[in-house]
Amino acid sequence: MTRILGISGSIRAASFNTALLNALPALAPEGTTIEVFKGIDELPHFNEDLEADVPASVVRLREAVRSADGIVISTPEYNRSVPGVLKNALDWASRPYGQSSWFGKPVAVLSASPGAQGGIRAQEELRSQLRNLGAYVVHGPEIAVPEVHTRLSVDEQARATLTDPATAGMATFLLNALEDAVRANTGGTHTKSLGAWMASLAG
Ligand SMILES: Cc1cc2nc3c(=O)[nH]c(=O)nc-3n(C[C@H](O)[C@H](O)[C@H](O)COP(=O)(O)O)c2cc1C
């Protein structure tokens with residue numbers, strides 16, 4: 001059994017990115033579960049003054065990231081970048097220094113937008129940030145879903161389906177690549193020397 005944690009970069013109730021994550025379990029390899037994290041909106045703004053005694057919402061996020069076998073993030077694009085709520089979550093889970101929950105974690109990244117570019121610029125930034133955090137970012141396929149409102153359907157029970165076969169096919173490839181990375185411990189191998197370097201910095 002492979003346990004994947006989904007993180008949406010949007011806290012909007014009718015978010016397309018959250019719906020995209022909700023559509024993924026049907027496209028995942030057998031034996032893989034995907035649970036979408038709830039509580040990004042409960043995180044306070046990151047503040048080093050809060051680090052000595054972090055709120056329960058932060059503990060919950062760190063634990064959820066740490067205990068997952070892999071992560072899948074779907075992000076909107078706000079003004080050509082990653083929404084602040086998602087960056088805030090990345091920062092909280094990157095601390096304390098040397099104990100980042102992202103370290104060695106296999107992560108698959110998607111983006112979606114009603115616009116023509118599918119949020120690719122935010123996705124590129126997110127990939128760069130995750131690499132910097134020592135996560136293992138699954139290379140591809142790169143899925144930036146343009147005009148997402150035409151490619152995704154959501155019913156009254158909030159059940160989501162990717163109705164565009166090409167996007168659904170790519171999502172299956174991406175989730176298989178994530179599963180492969182989990183099974184082969186690619187993240188652990190990938191961060192071996194990086195970990196030694198970080199430990200040397202910490203003294
Ligand atoms: C402040 C703000 C900035 C935005 N900037 C972009 C942008 O740069 N590129 C883009 O494709 N869409 C942009 N959008 C539109 C979002 O892609 C759209 O609101 C989308 O539905 C948000 O994702 P969600 O449905 O998951 O909440 C922006 C929306 C807001 C509110």
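**First stop: a charged pair**

Select R127, which is buried at a relative accessible area of 3% (buried means under 20%, exposed over 50%, partly exposed in between, with a 1.4 Å probe and protein chains only). A note before moving on: this is a predicted model, where local features need pLDDT of at least 70, side-chain atom pairs count only at pLDDT 80 or more, and totals for chains, interfaces and linings use all residues. Residues are numbered from 1 along each chain as its sequence is written, and side-chain values use heavy atoms, with hydrogens and water left out.

E142 sits in the loop between strand 5 (136-137) and strand 6 (143-145) and R127 in helix 4 (residues 120-132), so the pair ties together parts 15 residues apart in sequence. E142 is partly exposed, at 38%.

**Next: R151**

Which residues pair with R151? E147 does, with the closest N and O atoms 3.9 Å apart, and D164 forms a salt bridge with R151 at 3.6 Å.

**Last stop: the ligand**

Show the ligand and select S10, R12, S15, N79 and S113, which come nearest of the 13 residues around the ligand (a heavy atom within 4 Å counts as near). Ligand oxygen atoms lie 2.7 Å from a polar side-chain atom of R12, 2.6 Å from a side-chain N or O atom of S15, and 2.7 Å from one of S113.

Conventions:
A polar contact is a pair of N or O atoms within 3.5 Å; within protein, one must be able to donate a hydrogen and the other to accept it, and residues adjacent in sequence count only if both atoms are side-chain atoms. Helices (H or I, at least four residues) and strands (E, at least two) are DSSP runs, numbered from the N terminus. A salt bridge is a side-chain nitrogen of Lys or Arg within 4 Å of a carboxyl oxygen of Asp or Glu.
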